[in-house]
Amino acid sequence: MEIILVTEINILSLIILVWILYKNKTNIDQQMNNVLFSYVLYLVIGTIVTNSMEVLIHVPGSSILYAVKLGAVVLDRICACFLSYTWMLFTLCAEEGPRKWWLSKKRFMLLGIPAAAVSVIELLSIYTHWIYYLDSSLVFHNGPLHILQTIVIYSYYTMSSLYMQITLLFCKDKIRRKSLMLYQLFIIFLFTSGIIYYFSSAIPCTFPAITLALMMTYHNFQVQQISTDALTKLNNRRAFDIYISTLLNGQELKQFFLFMLDVDKFKRINDSFGHLEGDNALATTAELLRSVCAEKKAFIARYGGDEFVIILKNASIYEAERLRCEIYDAFDKYNTKPGILYPLHISIGFADSDMTPQRTISNIVKAADSQLYTEKHRRQKKPQIRRLR
């Protein structure tokens with residue numbers, strides 16, 4: 001009865017995970033985090049399949065059955081080991097993008113050395129019995145070095161959890177915080193189900209818990225793709241339209257400043273360095289805007305092309321002007337860095353929602369856009385502006 005229950009739960013988990021894998025693989029947005037998430041799904045599916053084979057092959061028989069179960073045991077443990085490694089890589093890059101140091105090939109390989117070493121020992125254990133062995137009755141036994149695999153697997157998960165927890169402490173962006181908490185949930189579910197299984201192996205909850213956590217992660221991916229710009233990881237135009245409509249049509253009318261920004265001479269960057277470098281310029285612009293606006297809880301979005309918008313709520317004209325100056329300062333500081341291919345300059349205009357006729361979205365956007373081009377024309381004549389302190 002227990003074997004039937006475990007098999008049915010594993011089959012259900014497999015169906016769900018294969019469907020998620022199919023949807024993720026057919027997604028045209030195959031960035032690094034999507035690729036790593038697919039690897040995670042492959043490894044979980046592999047672990048479920050091999051674990052199911054271990055459960056089903058329990059009656060001693062021919063040497064073929066012994067070889068099949070032994071192979072399932074080896075693959076199960078190798079998949080579990082590389083799953084922890086791949087999950088750590090996924091959490092490291094999912095929110096930060098592919099330009100971070102840990103995604104360079106050498107560091108990628110260095111991080112995987114413990115997983116690779118344990119996998120080699122797993123294979124050798126077929127003959128040495130260091131980590132495990134099967135007796136003639138097909139009963140699994142731990143070897144003298146079985147703790148080594150546990151240490152490596154839980155080290156990867158602990159590193160991932162610590163990274164996410166430290167990032168959560170300093171992260172102000174609500175969307176990113178939600179993603180990080182979901183990634184933490186995967187590890188919480190995994191550890192909790194492991195504890196339950198340790199005290200009561202009759203309750204097969206590990207794979208359902210992992211499947212639920214991966215479903216929630218995939219759903220979060222879908223929500224982000226609907227409201228997030230793929231290149232800059234900022235809110236997209238759709239999210240901006242919804243947000244500003246909520247501010248203007250809510251029960252409590254709120255005063256806000258709408259900032260419109262664009263990158264100066266962006267076409268020249270594309271023409272001189274190529275469109276890939278143009279994408280990098282937009283991503284860098286987004287990072288600089290995010291760093292300035294994080295403490296102010298301002299809403300930032302990519303409006304389209306090289307244009308960005310910021311909404312600053314419940315602020316005075318002095319605070320709005322100060323934000324504009326802080327953004328200019330951030331770009332000036334970036335342009336002093338050694339080794340940059342080109343300087344990045346932007347122009348900023350803003351409008352007060354309460355000072356705009358009829359207080360409609362189109363009128364507020366037009367007012368901010370008009371101020372943007374007034375500012376751009378003024379900066380072309382006299383680039384330096386007075387800084388508020």
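**Overall architecture and selected helices of the predicted model**

The protein contains twelve helices and six strands, where helices (H or I, at least four residues) and strands (E, at least two) are DSSP runs numbered from the N terminus. Its radius of gyration is 27 Å, well over the 21 Å that the globule rule gives for 389 residues, so the protein is more spread out than a compact globule. The radius is taken over C-alpha atoms, and the rule is 2.2 Å times the number of residues to the power 0.38. Along the principal axes, the C-alpha atoms fill a box of roughly 85 × 50 × 35 Å.

The structure is a predicted model, in which local features need pLDDT of at least 70 and side-chain atom pairs count only at pLDDT 80 or more, whereas totals for chains, interfaces and linings use all residues. Residues are numbered from 1 along each chain as its sequence is written, and side-chain values use heavy atoms, with hydrogens and water left out.

Of the 389 residues, 47% count as buried; buried denotes under 20% relative accessible area, exposed over 50%, and partly exposed in between (1.4 Å probe, protein chains only). Among contacts with a separation of 6 or more, 69% join residues 24 or more positions apart, a contact being heavy atoms within 4.5 Å.

Helix H10 (residues 275-293) comprises 19 residues and reaches 27 Å from its first C-alpha to its last, close to the 27 Å expected at 1.5 Å a residue. The expected span is 1.5 Å times one less than the number of residues in the helix. Buried positions in H10 include Ala281, Leu282, Leu288, Leu289 and Val292. The buried residues of H10 pack against strands E3 (256-263), E4 (299-304) and E5 (307-313), as well as helices H9 (266-273) and H11 (317-335).

Helix H7 (residues 206-227) has 22 residues, which should span 32 Å at 1.5 Å a residue; its end C-alpha atoms are 32 Å apart, in agreement. Its buried residues include Phe207, Ile210, Leu214, Tyr218 and Phe221. An α-helix has 3.6 residues a turn, so residues three or four places apart point the same way.

Valine 55 lies in helix H2 (residues 32-56). Because its relative accessibility is 24%, valine 55 counts as partly exposed. Apart from neighbours within four places in sequence, valine 55 is in contact with Ile3 and Val6. The C-alpha atoms of valine 55 and alanine 72, which are 17 residues apart along the chain, are separated by 9.9 Å.
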